[in-house]
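Me: I would like to learn how to read the features of a model such as this one, taking each general idea before its particular case. Could we go through it together?

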Amino acid sequence: MTRAVEELSSPGDGLLFLPSRRRVWAAADPHEFHRLRDLALDRSPVASHTLYGTELTGDRIQEHMMQTRRIVAVGDAKGQPLDDTEQEIAKRTVLRAAFQVCATRELTGAQVTLYARPGYC
């Protein structure tokens, strides 16, 4: 996953975990994502005393996404069931409506996709 994130991202890009429980992947190698800003994170796993951390409301996630030109989404492989929380619905809705897919890397059990506002791929 490290290689895919490095290939697709630039410093300052936004980061989303789809679904949020995939944030646990960052625990294995926290430096892998250090150049990116987690657009949905409210409280880190350490601060929240949870495995995945806690996320902002769907409205706040949408605000952060709309202020960002490029987003690296790290998530489940295609075909997995989608979570129906307000946060996950907000992430998917904004990505579809305001961003375009620039590139995707399929990995075993995961995928990394770079989304960008039109003109920023």
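Reply: Let us begin with a single residue and its surroundings. I71 touches G14, L16, L39, M65, L95, F99, T113, L114 and Y115, where contact means heavy atoms within 4.5 Å and residues up to four places away in sequence are not counted. This is a predicted model, in which local features need pLDDT of at least 70 and side-chain atom pairs count only at pLDDT 80 or more, while totals for chains, interfaces and linings use all residues. Residues are numbered from 1 along each chain as its sequence is written, and side-chain values use heavy atoms, with hydrogens and water left out.

Me: Which residues have the most contacts inside the largest nonpolar core?

Reply: In soluble globular proteins, nonpolar side chains tend to be buried together. A nonpolar core is a set of buried Ala, Val, Leu, Ile, Met, Phe, Trp, Tyr and Cys residues joined through side-chain atoms within 4.5 Å, and buried means under 20% relative accessible area, exposed over 50%, and partly exposed in between, with a 1.4 Å probe and protein chains only. Here the largest core has 14 residues, and L16, M65, I71, L95 and F99 have the most contacts inside it. Two or more residues come from each of strand 1 (14-18), helix 4 (58-66), strand 5 (70-76) and helix 5 (86-98), with helix 5 giving the most, three residues; helices (H or I, at least four residues) and strands (E, at least two) are DSSP runs, numbered from the N terminus. Another core, of 12 residues, lies apart from this one and includes A26, F33, V72 and V74.

Me: In what order do the five strands of the open sheet lie?

Reply: Two strands pair if DSSP finds at least two bridges between them. In this model the order is 2-1-5-7-6, with mixed pairing. Strand 2 (37-38) and strand 6 stand at the edges with a single partner strand each, so one side of each has no neighbour in the sheet. Strand 1 and strand 2 run parallel and are joined by two bridges, with L15 opposite D38, whereas strand 6 (residues 100-107) and strand 7 (residues 110-116) run antiparallel and are joined by seven bridges, with A103 opposite L114. In the hairpin of strand 6 and strand 7, two residues lie between the strands, and G109 takes a positive phi near 80 degrees.

Me: Which residues does a disulfide join, and why is it left-handed?

Reply: A disulfide is a pair of cysteine sulfur atoms within 2.5 Å, and by this rule the count comes to one. The disulfide joins C102 to C121, with S to S 1.9 Å, and the torsion about the S-S bond is about -85 degrees, so the disulfide is left-handed. The pair links distant parts of the chain, since C102 is in strand 6 and C121 in the segment after strand 7, 19 residues apart. C102 is partly exposed, with a relative accessible area of 26%.

Me: Is S48 buried or exposed?

Reply: The general idea is to compare the relative accessibility with the cut-offs already given. S48, in helix 3 (residues 45-48), counts as buried because its relative accessibility is 11%. Leaving aside neighbours within four places in sequence, S48 is in contact with R43, G53 and T54. By contrast, R3, in helix 1 (residues 2-8), counts as exposed at 65%.
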